[in-house]
Amino acid sequence: MDPIGSSAAQDGALEPGALEDRVLDGNAIGGLLIEVFGTEMTTATGTCGHCGRVSQVAELAVYQPGLGTVARCRGCGGVLMVFVRSRGIACVDLQGLASLT
Amino acid sequence: MAGTAVRGRLTWQAATVSSLVDETAKVRTLVFEVPDWPGHQAGQHLDIRLTAEDGYRAEREYSISSAPGEPVTITVERLDDGEVSPYLTEEVRPGDEIELRGPIGGYFVWDPSDGGPLMLVAGGSGIAPLRAMIRDRARLGSTVPVRLLYSSRSWADVIYRDELSQHSEGLTVIHALTRAQPPGWTGYARRVDQQMLTEVAWPAAQSPLTYACGPTSFVESVSAGLVALGYPAERIRTERFGATGG
Amino acid sequence: MGFISRGFHGRRQEAPAGRVPPGQYVTSDFPVLSAGPTPHTPLEKWTFSIKGAHEPKSWTWQDFQALPAETVTVDIHCVTRWSKLDTHWTGVSLDVLLGAVESDAPYVLAFCDGGYTTNLPVADLKGGQAWVAFNYDGGPLPPEHGGPARLLVPHLYFWKSAKWVRGLELRDTDEPGFWETYGYHMYGDPWREQRFAGD
């Protein structure tokens, strides 16, 4: 299984390991998005199917618990995209998005 | 929309480490020779993949810290409990091969035709993609005015310290040293806060373009702080580095 | 897979032979892995419920603290390949909780603050195999690790030990929870390496 990691940076301005710091944004999954969609997607615009908020994929809140990647709406926290990589293939579920352009 | 699996055109390739540059005690730049590198834009990143003999793999993303046209470099901070950063900053030698794929990213990118004035805000190793932008601007002889607010623990932790100290037309660098300051330091000696942003940031009326990069909570508080100064959210681009992994 | 990164090992430790399931590495860390933000339900609002029985049952935090609790030392195995040995937990056994309801239902869907779900056979929750744990390593379970209480089912991959658990829905059929819907194994036995459906 391929773990999907995250780049690391720490600044003296924060306590290391602050919980919120584990949350990234859509920039962190740029490569995964190209793998799955075949094209650069961080500037694609998504409409949240739960609250209607419109954001660029780069602005979504991204969680990477190792089992997969979950991209959530920064407004309501609703799940918009779930990526799981199994047997070498990355799959995506976009059911939380009302649209993605 | 249903699920889908599509094979993309981004492929892993083996790049050779051509040299290493120790930027600070904990930070090292790796210079790569990448066969068939297609070129990149300032602000883009690449993915690195490490594979152990038993097949165990780790992947991380690192911003490209060099400008378009320069050899591809990444700048890595060693996290003591990290899995990848100690390897990249302590074990890797010139001549080693590392698998990478890139360039990646279309959101957190800038080139002089995007205009300004540019507001760059960096927390720690978040300086890496912003340094690529600054170098690209210099390389192209751009006169877009830039202010860089750069937060570090101490003077010794400032990455690209000498390079940023060089006088550069239209570039102003403001340091915030959050934990320790050298004797005689008259600059900011605290974390970036609303007051500091008020003093340092371009007036909102000048319609600046902002790029903020660093740990997630740093980026979010800077972004909120600039919005409070009247910066429209659409002209603030953020890249969160997280705080774990490594 | 042909490419090997010279000198790369990751941060793994030797495991005592036979102690760790196939494909796992031992760690002394306790990685925080979440699919969403950490919920913060105040204890005065917290309940644990069992639904789908002849009569549903619910405990407040106070009720819960009055139940008999056990302290156990178990190994835990995450599907992302890390295993942590000899972890100490205190919790209420699912034998106590399921013993308070009448039901023949063979399956549950565990539900949690934040919306996470996971499915398990009732048989795997009984017989001293599972707890709702509220203490870890001698202190209250921290929020990032699932506090105030999480499911603890150490004989299955740790994604089944749902964080921020608020109850169980008894069911006649085995319905996939969050990760199971995306292809993770419905049962998840680490000793048979049941990571993905079809393993």
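Tutor: Let's start at B:Asp47, which stands opposite B:Arg101 in β6(B). Keep in mind that this is a predicted model. Around that pair, strand β3 (residues 45-51) of chain B and strand β6 (residues 97-104) of chain B run antiparallel, and four bridges join them.

Now zoom out a step. β3 and β6 belong to an open sheet of six strands in chain B, in the order β4-β3-β6-β1-β2-β5, with antiparallel pairing. At the edges sit β4 (57-63) and β5 (73-77) of chain B, each pairing on one side only. Ignoring direction, neighbouring strands in this sheet are turned by 40° against each other on average.

Something from another chain also comes in here. Helix α1 (residues 30-37) of chain A lies across β3 and β6 of chain B, and it runs at about 75° to β6(B). If you follow that helix back into its own chain, you find that chain A has one helix and eight strands. From the N terminus on, its elements go β-α-β-β-β-β-β-β-β. Of the 101 residues of chain A, 58% count as buried. Looking at contacts in chain A with a separation of 6 or more, 46% come from residues 24 or more positions apart.

Back to chain B for its overall layout.

What about the inside? The largest nonpolar core has 141 residues, and those with the most contacts inside it are A:Val62, B:Leu120, B:Leu130, C:Ala110, C:Val132 and C:Ala133. Both domain 1 (13-104) and domain 2 (112-240) of chain B give residues to this core, so it lies between them. In soluble globular proteins, nonpolar side chains tend to be buried together. Take A:Val62 from that list: beyond its neighbours within four places in sequence, its contacts include A:Val23, A:Leu24, A:Ile29 and A:Ala71.

One last stop is where chain C meets chain A. That contact takes 17 residues from chain C and 17 residues from chain A. The chain C side touching chain A has ten nonpolar, five polar and two charged residues.

Methods: Residues are numbered from 1 along each chain as its sequence is written. Chains are lettered from A and ligands numbered from 1 in the order in which they are written. This is a predicted model: local features need pLDDT of at least 70, side-chain atom pairs count only at pLDDT 80 or more; totals for chains, interfaces and linings use all residues. Two residues are in contact if their C-beta atoms, placed from the backbone, lie within 7 Å. Ala, Val, Leu, Ile, Met, Phe, Trp, Tyr, Cys and Pro count as nonpolar, Asp, Glu, Lys and Arg as charged, and the others, Gly among them, as polar. Two strands pair if DSSP finds at least two bridges between them. Helices (H or I, at least four residues) and strands (E, at least two) are DSSP runs, numbered from the N terminus. Axes are lines fitted to C-alpha atoms, for helices over the stretch in contact, and angles run from 0 to 180 degrees between N-to-C directions. A nonpolar core is a set of buried Ala, Val, Leu, Ile, Met, Phe, Trp, Tyr and Cys residues joined through C-beta atoms within 7 Å. A residue is buried if 20 or more other C-beta atoms lie within 10 Å of its own, exposed if 12 or fewer, and partly exposed in between; C-beta atoms are placed from the backbone. Domain bounds come from an automatic or database domain assignment.
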